Amino acid sequence: MVNSRVESTAVAVTGGGGGAVRSCAGCGGRISDRFLLFSMDRYWHTRCLKCSCCQAQLGEIGSTCFSKGGMILCRNDYIRLFGHSGACSACGQSIPASEMVMRAQGNVYHLKCFTCATCRNRLVPGDRFHYVNGTIFCEHDRPGGALLSSHLTPLQSNTLLPDQKVC
């Protein structure tokens, strides 16, 4: 699923003699290990179910993993790339994995949604802005307080190219 968050439980299953021969979704090899993982409706060697970003073996760091845009992610990398919900902090809509985003104070926004709350002008990298109680203001419409964030973070692309990783 490209446009939605899929949270999957990585369940350890004991392999036993006489069972069906299973192939690993990661490497394609036969699974003859004592333990294997079943996640996202497929079987995996414990060494093959890894986070696409940090390469952590997901069976060792917890019982859940996330899938979005063809990537399998640990919880930390999912939140880093897509925010806590995988949705835009302004409009609440899903953010596709291939879409460029803006980030501020740990929140993720569609480019079109990263706008001043007062004048609705879209902010771009290099624009000065203020982030007050979860609300974005351009420099001209800032509330009476001091500057909280002086510069936008650069645009970040979540586009996955054939020979390139997102992390």
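## H45 and its surroundings

A polar atom of the H45 side chain lies 3.1 Å from the backbone oxygen of R30, within the limit for a polar contact (N or O atoms within 3.5 Å; within protein, one must be able to donate a hydrogen and the other to accept it, and residues adjacent in sequence count only if both atoms are side-chain atoms). The model is predicted: local features need pLDDT of at least 70 and side-chain atom pairs pLDDT 80 or more, while totals for chains, interfaces and linings use all residues. Residues are numbered from 1 along each chain as its sequence is written, and side-chain values use heavy atoms, without hydrogens and water.

H45 sits in the loop between strand 6 (42-44) and helix 1 (58-61). Its relative accessible area is 2%, so H45 counts as buried (under 20%; exposed is over 50% and partly exposed in between, with a 1.4 Å probe and protein chains only). Leaving aside residues up to four places away in sequence, H45 touches C24, C27, G29, R30, I31 and D33 (contact means heavy atoms within 4.5 Å).

## Chain overview

The chain has two helices and twelve strands, taken as DSSP runs numbered from the N terminus (helices H or I, at least four residues; strands E, at least two). Their order along the sequence is β-β-β-β-β-β-α-β-β-α-β-β-β-β. Of the 167 residues, 34% are buried.

Strand 11 (residues 129-132) and strand 12 (residues 135-138) run antiparallel and are joined by four bridges; pairing requires at least two DSSP bridges. Y131 faces I136 across this pair. Two residues separate the strands of the hairpin, where N133 has a positive phi near 50 degrees.

## Aromatic pairs

Three aromatic pairs occur (ring centres of Phe, Tyr or Trp, its six-membered ring, within 6.5 Å; planes under 30 degrees apart are stacked, over 60 edge-to-face, the rest tilted). F38 and Y43 have ring centres 4.7 Å apart and planes at 50 degrees, so this pair is tilted. F38 is partly exposed at 29% relative accessible area, as is Y43 at 25%.

Y109 and F114 pair edge-to-face, with 5.2 Å centre to centre and 70 degrees between the planes. Both Y109 and F114 are buried. Ring pairs link Y109, F114 and F129 into a cluster.
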